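Let's walk through this model together, one piece at a time. Have the sequence and the coordinates open as you read.

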Amino acid sequence: QVELVESGGGLVQAGGSLRLTCAASGHIFMIIAMGWYRQAPGKQRESVARITSGGSTNYTDSVKGRFTISRDNAKNTVYLQMNSLKPEDTAVYYCRIDHLDSALRMLNYWGQGTQVTVSS
């Protein structure tokens with residue numbers, strides 16, 4: 001079993017910044033990638049940013065240049081620095097981990113979500 005604990009969401013004015021943190025713990029053999037997704041009311045969940053174990057990153061177009069994903073391998077923790085926030089960034093943000101267990105099975109887990117609200 002793997003647990004993801006997210007923190008850092010909140011209410012911020014447009015143009016402001018927030019930093020999300022997601023810490024993974026439990027039976028993790030090898031992390032393949034960690035990422036952030038978001039889901040706004042009435043919309044499907046979408047990928048925001050992802051970082052592999054090797055440090056490769058990718059972002060959805062709408063956040064490029066504003067958001068930065070990073071990770072601390074020693075702490076199994078991933079961060080999302082969000083700058084120049086816009087009202088359309090308002091959503092519940094979820095952390096996800098893709099990892100191998102000791103039997104080399106690919107598994108993924110989701111965090112409980114953290115609300116980000118950007119006021120205009």
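In which sense do strand 9 and strand 11 pair, and over how many bridges? Strand 9 and strand 11 pair in the antiparallel sense, over three bridges. Pairing here requires at least two DSSP bridges between two strands, and helices (H or I, at least four residues) and strands (E, at least two) are DSSP runs numbered from the N terminus. Ala91 has Val116 in strand 11 as its bridge partner.

A word on the source: this is a predicted model, where local features need pLDDT of at least 70 and side-chain atom pairs pLDDT 80 or more, while totals for chains, interfaces and linings use all residues. Residues are numbered from 1 along each chain as its sequence is written, and side-chain values use heavy atoms, leaving out hydrogens and water.

Strand 11 (residues 114–119) also pairs with strand 2 (residues 10–13), in the parallel sense over four bridges. There, Gln13 stands opposite Ser119. Thr114, Val116 and Val118 form the covered face of strand 11, and Gln115, Thr117 and Ser119 the uncovered one.

Now look at the loop between strand 8 (77–82) and strand 9 (91–100), where you will find Pro87. Leaving aside residues up to four places away in sequence, Pro87 touches Ala14, Val118 and Ser120, contact meaning heavy atoms within 4.5 Å. Pro87 is partly exposed, at 33% relative accessible area; buried means under 20%, exposed over 50%, and partly exposed in between (1.4 Å probe, protein chains only).

Finally, the search of the whole structure finds one disulfide, defined as two cysteine sulfur atoms within 2.5 Å. Cys22 is joined to Cys95, S to S 2.1 Å. Cys22 lies in strand 3 (residues 18–26) and Cys95 in strand 9, 73 residues apart. Cys22 is buried at 0% relative accessibility, and Cys95 is buried at 0% too.
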